[in-house]
Amino acid sequence: MSVPAPAVSESFRREVERRRTFAIISHPDAGKTTLTEKTLLYAGAIELAGAVKGRASQRAVVSDWMDIERERGISITSAALEFELHGCRVTLLDTPGHKDFSEDTYRTLLAADSVVMVIDAAKGIETQTRKLFEVASRRKLPMLTFVNKLDLPGRDPLDLLDEIERVLGVSAAPMNWPIGTGDRFKGVFDLRRQEVLFYERIARSARRAPVTVTGADDPALVDLLGEQARDELLEGVHLLEAAGTAFDLDAYRAGRQTAVFFGSALTNFGLESFLEALVQYAPCPGLREDAEGNLVDPMRQDFSGFVFKIQANMNPRHRDRVAFVRVCTGTLTKDMQVVNTRLQQNVRLSRPSRFFGRDRETIEEAFPGDVVGLVNPGRFGIGDTLYAGQPVVYPPIPHFPAEHFGALRLQDVRFKQFDDGVRQLEEEGLMQVVFPIHGARYPILGVVGALQFDIIEARMKEEYGVACRVEKLSYVAARWVEAEAGVRLTLPNNVLSTTDRQERRVLLFPSEWDLQFCERENPNVRFLAMA
Ligand code: G4P
């Protein structure tokens, strides 16, 4: 069922239609950061920062703003970057590429309307790409693919297309075709424009203009490319004509087909036509399901949105927590009153902000597709719906079940800072926290990936000035216990009884076997993987 949308102004409709909100997914090292930086440079969002200061500081300007990120060379937090491109307002949601951060990425993908998948031409589909793809495809998000690092020796392009189709189960429509590879890489042939884009190993500013030809069999191509490269190109294009997949906008929009672009982010090669296609084909905000499965129209007059991310200490000088809201319908305006559905409370949006790395700017209004940061005095949680006017509730955002557990031990006496830090990092969704029922009430952290423990220690130190250490515990699963009052549990000694902050009972199991044993022994009790 669709909730009808009342008439909205033409200018509002135009604002929605020019929004493009997307996320980049990739395996670490495929080139996501480089593609992000180059896209921003292209869009003029960071003015020649890289050219003047070099890559490291360029990164600092954009999204890798935490020390720990720089140390590890991975992007841990997801930042939303906004820029204008060919008349569109583009929001790029940066997703962490490391395998340990899938939960954060999952939440970010809930806020995106489409996805760009970056693949290393030498490696093809890697594990993390596949996992993230599965999350994106569950939401049927349209996907463009950028096959990166074409300047280096890579795999056969047909082989890569075949792998995308086989492993990911979507059809793959090439939009351009590489001419040669590695040392003999000469450029790409743009299949839509019938144009050769040359790759030249010379200064960027001296690049040759693309040459339009009548087709891959245009005799002029021999002069331009040499006979061997022309023949290879001709062969590839004939193969595509006979057996390849043609781009189909509807299939792309429905998530059944990915449009594939070959290029090299580092050398800016093929970026322009890729970004043109992004603004041309990627969808603007569309219908979105509410918690009851009704479709909500972005053109609905009343504002609604949901919190998909909370980040503490964005700016060490402010020491505040920012809740990132994806606007889904209507116009968010500064100072407006909204309802937080979880708390059933009114909240005034006094300083809605747009973020760019560490910098922030207060905004007057925002439209569907936009991501707005709200300074969070503990009044927003991940998954909260905010609305004005007619009520709407978006689906809750589930936690992934934790697989690693550790006791967080304070190593000095800064108790207050310790408590604040634990509470705030928990609120960010970085970890789940429970406390043993018997004995000392120290926090036990549950995380999806073990690397998170290092990050928690480092952030406690840097952001709260607290020295603490995670002592790994040998539990593998946590279950919330749901039972009628008075039901007694039969539990082996090695199962740890704890409670969460809401005083709900949570059991920690040392093995899957123990969990199954307890389930068998306690048939009247439900063991829930999530709260
Ligand atoms: P990620 O965010 O997906 O993890 O990848 P990132 O962009 O950091 O790129 C990983 C490495 O691949 C970087 O090299 C980057 O310079 C390189 N790279 C990205 N795109 C291309 C490309 O088109 N061609 C070539 N040849 N290399 C590319 P690094 O040495 O690990 O890092 P850095 O020292 O350059 O920062």
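This is a predicted model: local features need pLDDT of at least 70, side-chain atom pairs count only at pLDDT 80 or more; totals for chains, interfaces and linings use all residues.
**Cysteines**

I looked for disulfides and found zero in the structure. Taking Cys 88 as a case, I noted that the nearest cysteine sulfur belongs to Cys 284 and lies 9.1 Å away, whereas a disulfide would need the two sulfur atoms within 2.5 Å. Cys 88 is buried, its relative accessible area being 8%. I also looked up Cys 328, which counts as buried because its relative accessibility is 5%, under the 20% limit.

**Aromatic rings**

My search of the whole structure for aromatic pairs returned 12.

I then recorded one aromatic cluster formed by Phe 146, Phe 261 and Phe 274. For a charge over a ring, I noted Arg 409, whose charged end sits over the ring of Tyr 442 at 4.3 Å from the ring centre.

**Salt bridges**

The structure holds 31 salt bridges, and I went through some of them individually.

Arg 501 bridges to Glu 426, with the closest N and O atoms 2.5 Å apart. The two residues come from distant parts of the chain, 75 residues apart, with Arg 501 in the loop between β29 (496-499) and β30 (505-509) and Glu 426 in helix α13 (residues 415-427). Arg 501 counts as partly exposed, at 27% relative accessibility.

Arg 526 and Glu 482 meet through their side chains in a salt bridge of 2.8 Å, N to O. Here too distant parts of the chain are linked, since Arg 526 is in strand β31 (residues 526-528) and Glu 482 in strand β28 (residues 477-482), 44 residues apart.

Lys 334 forms a salt bridge with Asp 335, the closest N and O atoms lying 3.6 Å apart. I found Lys 334 partly exposed at 27% relative accessibility, and Asp 335 partly exposed with a relative accessible area of 34%.

Last, I listed a network of salt bridges that links Glu 15, Arg 18, Arg 19, Glu 82, Glu 84, Arg 89, Arg 354 and Asp 370.

Note on methods:
Residues are numbered from 1 along each chain as its sequence is written. Side-chain values use heavy atoms; hydrogens and water are left out. Buried means under 20% relative accessible area, exposed over 50%, partly exposed in between (1.4 Å probe, protein chains only). Rings of Phe, Tyr and Trp (its six-membered ring) pair if their centres lie within 6.5 Å; planes under 30 degrees apart count as stacked, over 60 as edge-to-face and the rest as tilted. A charge sits over a ring if NZ of Lys or CZ of Arg is within 6 Å of the ring centre and within 35 degrees of the ring normal. A salt bridge is a side-chain nitrogen of Lys or Arg within 4 Å of a carboxyl oxygen of Asp or Glu. Helices (H or I, at least four residues) and strands (E, at least two) are DSSP runs, numbered from the N terminus.
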